[in-house]
Amino acid sequence: MTPTAAFAFDVLGRAPDVEAENLQAYDSADRLLLDTAAEDLARLAQQQESARRGAGHHAGSGPAGLAVIGDSYGALTLGAAATHGLRGIRVQQDPLSGELALDANARTLGLGETYAHHGLDGRLAAGARLVLLRLPRSLDALEEIAALVAEHAAPDVVIYAGGRVKHMTTAMNTVLGRYFGSVTAGLARQKSRALTVSSPLPAPERPAPRFPLAAAYDAGLPAPLQLRARGAAFGGAALDPGTRFLLPHLAQARSAGQVVDLGCGNGAIAAYLALTRPEARILASDQSEAAVASTVLTLEANGVAGRAAVRRADALSWLADASQELVVLNPPFHIGAAVHAGIALKLFADAGRALQPGGELWTVWNSHLAYKPALTRLVGPTRQVARNPKFTVTVSTVR
């Protein structure tokens, strides 16, 4: 029997993320990581038990601590807690939906007191002896995590990093090797693989810090549009081509005292709106921790942070029904590693809820996705504003 065989993976749900028959809350990489790390997890549990008896390290928060990074919906965190009795687990999940799903799954399993949420900062990795990491697809995101763990974790820290083989590349080993002396790959199992990473390099041998990323772009403004990005921000500090196509058309959008950038990413749309509508207040939201941090930095770099509020939120759940005049959206077409239209439809529906009669949703989307009927149904009558070989810009008006 494998160490995870008795854990109730099938109980785990994805809500409030999109639930669908072809979308699971766990996969074989979660199982493989827990099995690969089983001996170290058991050893850590023994240390915590000793601490509870008044000996050894302070359970779960000192040098004997476990950090879990990138846990999609809680399989790693709750699997470690349920199978090994671990407590004091520090967890970082970039999407808010992941945090909410972990909390819901923990309540179902009675494991709500076994972990604490953390941001991607030094407190997450401080003194950690063991890290379970779901490998991000972005090499920038991986590098930011590797730099953080190498700087703050215990000298004998071991990272078990895993993912689906189809999403893993040897470049990930190279990135980890810039910060750690040992990176070894295990055998593939059920199309997943785990890396074992250890021996943090001394600070003089590690690359100089390079986050946040920074870039500037000509967006038809008096001065270049400054973009800043944390490692996990989608697209980094680049001006997304869809956003680049959308921006000049926003001059046609209705006037509004307050404008919402839904799914703000690196903050390009929010900053552009603030610069071109000096009379308006800008609200920006994203469920990604990295996106929210990036947007704050981008607004500051453009000198407009004083007229904007940035919130990490599940869609527009923080805004009342029929309360907004103008929402701008460049919707994602993926949920984690899965290409799925559900997230865009969820955002369309919530924009329709939050907009008042006569309010407008301006959005840009890959033309082959043919979102116009969905926008008409979920928001209101939808008009094509512009189209090029790849992207379509539309405006939907609430009746």
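The legends below describe close-up views of a predicted model. Residues are numbered from 1 along each chain as its sequence is written, and side-chain values use heavy atoms, with hydrogens and water left out. Because the model is predicted, local features need pLDDT of at least 70 and side-chain atom pairs count only at pLDDT 80 or more, while totals for chains, interfaces and linings use all residues.

View 1. R134 belongs to strand β4 (residues 130-134), where helices (H or I, at least four residues) and strands (E, at least two) are DSSP runs numbered from the N terminus. R134 is buried at a relative accessible area of 14%; buried means under 20% relative accessible area, exposed over 50% and partly exposed in between, with a 1.4 Å probe and protein chains only. Its side chain makes a polar contact of 2.9 Å with that of D30, a polar contact being a pair of N or O atoms within 3.5 Å in which, within protein, one must be able to donate a hydrogen and the other to accept it, and residues adjacent in sequence count only if both atoms are side-chain atoms. Beyond its neighbours within four places in sequence, R134 is in contact (heavy atoms within 4.5 Å) with residues including D27, I69, L76 and R164.

**View 2. The open sheet of seven strands.** The strands follow the order β12-β11-β10-β13-β16-β18-β17 with mixed pairing, and the edge strands, β12 (308-312) and β17 (382-387), each pair on one side only. Two strands pair if DSSP finds at least two bridges between them; β11 (residues 281-286) and β12 run parallel and are joined by five bridges, with A284 opposite V310 in β12. Helix α9 (residues 268-276) lies across β10, β11 and β13, running at about 175° to β11, where axes are lines fitted to C-alpha atoms, for helices over the stretch in contact, and angles run from 0 to 180 degrees between N-to-C directions.

View 3. Just after α4, G110 takes a positive phi of about 70°.

View 4. Most residues other than glycine have a negative phi, and most peptide bonds are trans. The A15 to P16 peptide bond is cis, with omega near 15°, and a cis bond with omega about 5° also joins F211 and P212. A322, in the loop between β12 and β13, has a positive phi near 50° and is partly exposed at 41% relative accessibility.
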